[in-house]
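Here is a friendly walk through one model, with its rings, helices and core in turn. Please keep the viewer open as you read.

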Amino acid sequence: MPDIDCRHQNLLDRIAGDFTGQANFPTCLDAAVTVRNTLQQEQVTLEMLSNTVASSPLIAARILRLANASTYNPAGKPITDLGSAISRIGFEAVRSISLAIAIAQMNAPQQPPHFSIIAASTLEHSLQVAAIARTLARTLGRINPDEAMLAGLVHDIGIFYLLYRAAEDDSYHQDPALLDDLLTRHHETIGEQLLQALALPGRIISAVREHEHLQHIEAPSSIRDILYFANLLADPVVSEAAPDLPPAERELRQLDRERYQAILNDAEEHFSDLRTALAAA
């Protein structure tokens, strides 16, 4: 039997083509790429972004839904036009919503059950990390909350992309262990390459790359710090989430988690709003 990593090589070669222009980029990412291109323009205006979003009814509907959620609209005054909705939630949130929808579309319901289970649990985790990251950034006041939310949403994007591409290969349908190995070995690298292809800011890419590295800092002051703590807080119990950690590292992580436990209560409402806004994406 060939080395297990060699069994992934054909798939990894196809994915490399996605990121170098040798193959067509998945159509489920088209709308997110269009939003990215608009936001990259030097003097992007509200009207320009509104027109871009309006060309994707799904993104437009989700933005209107989020803008009317209590997190962004505590007064409860209905927002019915796209320009007002974008003004309410901000440009970074528009980028986040477009990417979150792309992530959901990458994991179609016709996938095998073991694919769907991984996708559903990873999406739930990503939404929770995004909500906690935004709440933590807003509470500490040092980091743009919507940029923190974006980092939370995309921090495991490599898993979704690998699931999307692996669904085209029968060997991963027939061998769940092979799929698990693919995700474990390659989701971080593929996620970083995808974020680079989508031209996300370098600070977000760096934060995603390092979000599981033990940091134990006193005062989070960067996107990387925020994402680390948000990911840590999203895990129910450190010992369950990372059973193989050395005892000293597990203790440090648990102490970090306890420092910001109160943030979870504040994040719960935003978590609910995000789930509602992205429902049926």
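## Aromatic pairs

How many aromatic pairs does a search of the whole structure find? The search finds three, where rings of Phe, Tyr and Trp (its six-membered ring) pair if their centres lie within 6.5 Å, and planes under 30 degrees apart count as stacked, over 60 as edge-to-face and the rest as tilted. One of them joins Tyr-161 and Tyr-164 in a tilted arrangement, 6.2 Å centre to centre with 40 degrees between the planes. Another is the edge-to-face pair of Tyr-228 and Phe-229, at 5.2 Å centre to centre and 75 degrees between the planes. Ring pairs also link Phe-19, Tyr-161 and Tyr-164 into a cluster.

Tyr-228 counts as buried because its relative accessibility is 1%, and Phe-229 counts as buried because its value is 0%. Buried means under 20% relative accessible area, exposed over 50%, and partly exposed in between (1.4 Å probe, protein chains only).

## About the model

This is a predicted model, in which local features need pLDDT of at least 70, side-chain atom pairs count only at pLDDT 80 or more, and totals for chains, interfaces and linings use all residues. Residues are numbered from 1 along each chain as its sequence is written, and side-chain values use heavy atoms, with hydrogens and water left out.

Tyr-161 and Tyr-164 both sit in helix 9 (residues 157-166), three residues apart, or about one turn of the helix. Helices here (H or I, at least four residues) are DSSP runs numbered from the N terminus. Both tyrosines, Tyr-161 and Tyr-164, are buried, and so are ten of the ten residues of helix 9. Among the elements that cover the buried residues are helix 1, helix 7 and helix 11 (176-197).

Helix 1 (residues 9-20) packs against helix 9 at an angle of about 115 degrees, with the axes 11 Å apart. Axes are lines fitted to C-alpha atoms, for helices over the stretch in contact, and angles run from 0 to 180 degrees between N-to-C directions. On the helix 1 side, Leu-11, Arg-14, Ile-15, Asp-18 and Phe-19 meet Tyr-161, Leu-162, Arg-165 and Ala-166 of helix 9, contact being heavy atoms within 4.5 Å.

Conventions:
Helix = DSSP H or I, 4+ residues; strand = E, 2+ residues; numbered from the N terminus.
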